[in-house]
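Take a look at the model below. The paragraphs after it lead you through a few of its parts, one at a time.

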Amino acid sequence: MSDASINASNIREDEAGFGDYFALLKPRVMSLVVFTALVGLLAAPVTVHPMVGFCAILFIAIGGGASGALNMWWDADIDRVMKRTRGRPIPSGKVEPGEAMALGLALSGMSCIMLALATNIFAGAFLAFTIFFYVVVYTMWLKRLTPQNIVIGGAAGAFPPVIGWIAATGSMAVEPWLMFALTFLWTPPHFWALALFMRNDYDDAGVPMLTVTHGRRATRVHILVYTLLLALFAVGAAFSGIGGPLYLAVSLVLNMLFILGAFRIWRRDEAASEADNFATERSFFKLSLLYLFLHFGAVLAEALLRPYGLGGWG
Amino acid sequence: MSFRATHDLHKRRFGRNLGVGLVLAAFIAIVFGLTVAKVSNGGMTFQPGTEQN
């Protein structure tokens, strides 16, 4: 088509660039998916051809990105209201909702089929289930229905290490589910801390976050309780198939810091938080990112040391 | 709205087309690499009794 055939009235000055479509895939969330899936794949007790392993991680990441695009398509109305999400490609008017849906559906289908072809059908099917869980169960159903949205929906973000393990082995085992549980229990305190310092965002959007339905005091209590549960599990996992002395040392330090952070959040009131612009809540949120990264890093280190007789307990 | 050769819209569309082109080229390279890995690994050999007639 030449320029002469373009109807100037159909031209948008803010037409989307390539980066806007890439932003639909939530690259930051994708990085977490890539890392945890990689740990699941490398911790499996089998040898995977590097090219097959690379493809497995790539297609899991694309599947995660596709579910992010479908999430942005469905949630465009509330993204428009929240400060944190107002700049996303659909609310900012750069990408049409239909384009995001088409991209999400196409990449979902492609990633599941390619993962099945690259590794095994079980892995492809499990990736399809994960996308379904995130898009339909979490985004469409639970997110706007219950204050436990984050707790149940967090499962979707916890599946990647299980998919990585299945891609490598073609079967299920206890170890990847321990990694699943670690991410699953980590998600609520991580997101509730975010909800505390994003203050009115979820309220304005009508999303029933715990801060909106049960109040900010209850959220602080929930963060502490979930952090204690997480710490019990995370340290206990040191004595399971994914743990070892190195994991135990890392986990003990991180959980002490995490409990201390949660305790500080629990002890504070709103006046104190607003006085320093939620400094404690923000640092707890940042620590939570490091917490998950280092725990999975320790699981990976234990698995990689095992062939040399150094990983695990023995 | 006039369309000179250097209009910002052209640049953005070129960037988009280039991006899609590179993604497609990368996809072809990945499928090729995967096929080579599968064949050399014996992953694409038929099991006895499963040959197609």
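The bend at a residue is the angle between two fitted axes, one for the seven residues ending there and one for the seven starting there. Helices are DSSP runs of H or I with at least four residues, strands are runs of E with at least two, and both are numbered from the N terminus. This is a predicted model, in which local features need pLDDT of at least 70 and side-chain atom pairs count only at pLDDT 80 or more, while totals for chains, interfaces and linings use all residues. Residues are numbered from 1 along each chain as its sequence is written, and chains are lettered from A and ligands numbered from 1 in the order in which they are written.

Start with helix 9 of chain A, residues 174-197. Its 24 residues reach 36 Å from first C-alpha to last, close to the 34 Å expected at 1.5 Å a residue. The expected span is 1.5 Å times one less than the number of residues. Helix 9 of chain A has a kink of about 30° at A:Thr187, shortly before the proline A:Pro188. Of the 24 residues in helix 9 of chain A, 20 are buried, so the rest of the structure largely encloses this helix. Buried means 20 or more other C-beta atoms within 10 Å of a residue's own; 12 or fewer means exposed, and in between is partly exposed, with C-beta atoms placed from the backbone.

What does helix 9 of chain A pack against at an angle of about 165°? The partner is helix 15 of chain A, with the two axes 8 Å apart. Axes here are lines fitted to C-alpha atoms, for helices over the stretch in contact, and angles run from 0 to 180 degrees between N-to-C directions. Helix 9 and helix 15 of chain A are therefore roughly antiparallel, the term for angles over 145 degrees. Their crossing is left-handed: the near helix is turned anticlockwise from the far one by less than a right angle. Among the residues that meet are A:Trp186 and A:His190 in helix 9 of chain A, and A:Phe285 and A:Tyr291 in helix 15 of chain A. Contact means C-beta atoms, placed from the backbone, within 7 Å.

Helix 6 (residues 121-142) and helix 7 (residues 149-158) of chain A also cross at roughly 165°, their axes coming within 8 Å. That crossing is left-handed. Residues of helix 6 of chain A in this meeting include A:Phe133 and A:Tyr138, and those of helix 7 of chain A include A:Ile152 and A:Ala155.

Now look at the loop between helix 14 (270-275) and helix 15 (279-305) of chain A, where A:Asn277 lies. Most residues other than glycine have a negative phi. A:Asn277 has a positive phi near 55°. A:Phe278, in that loop, has a positive phi of about 60°. Are these residues buried or exposed? A:Asn277 is exposed, with 9 C-beta neighbours inside 10 Å. A:Phe278 is buried, with 21.

A:Phe59 sits in helix 3 (residues 50-74) of chain A. It is buried, with 28 C-beta neighbours inside 10 Å. A:Cys112 is 53 residues away in sequence, but 7.3 Å away C-alpha to C-alpha. A:Phe59 touches A:Ser111, A:Met114, A:Leu115 and A:Ala118, leaving out residues up to four places away in sequence.

Chain B has one helix and zero strands. Across the 53 residues of chain B, 2% are buried.

How values were computed
Contact = placed C-beta atoms within 7 Å. Parallel < 35°, antiparallel > 145°, perpendicular 65-115°, else oblique.
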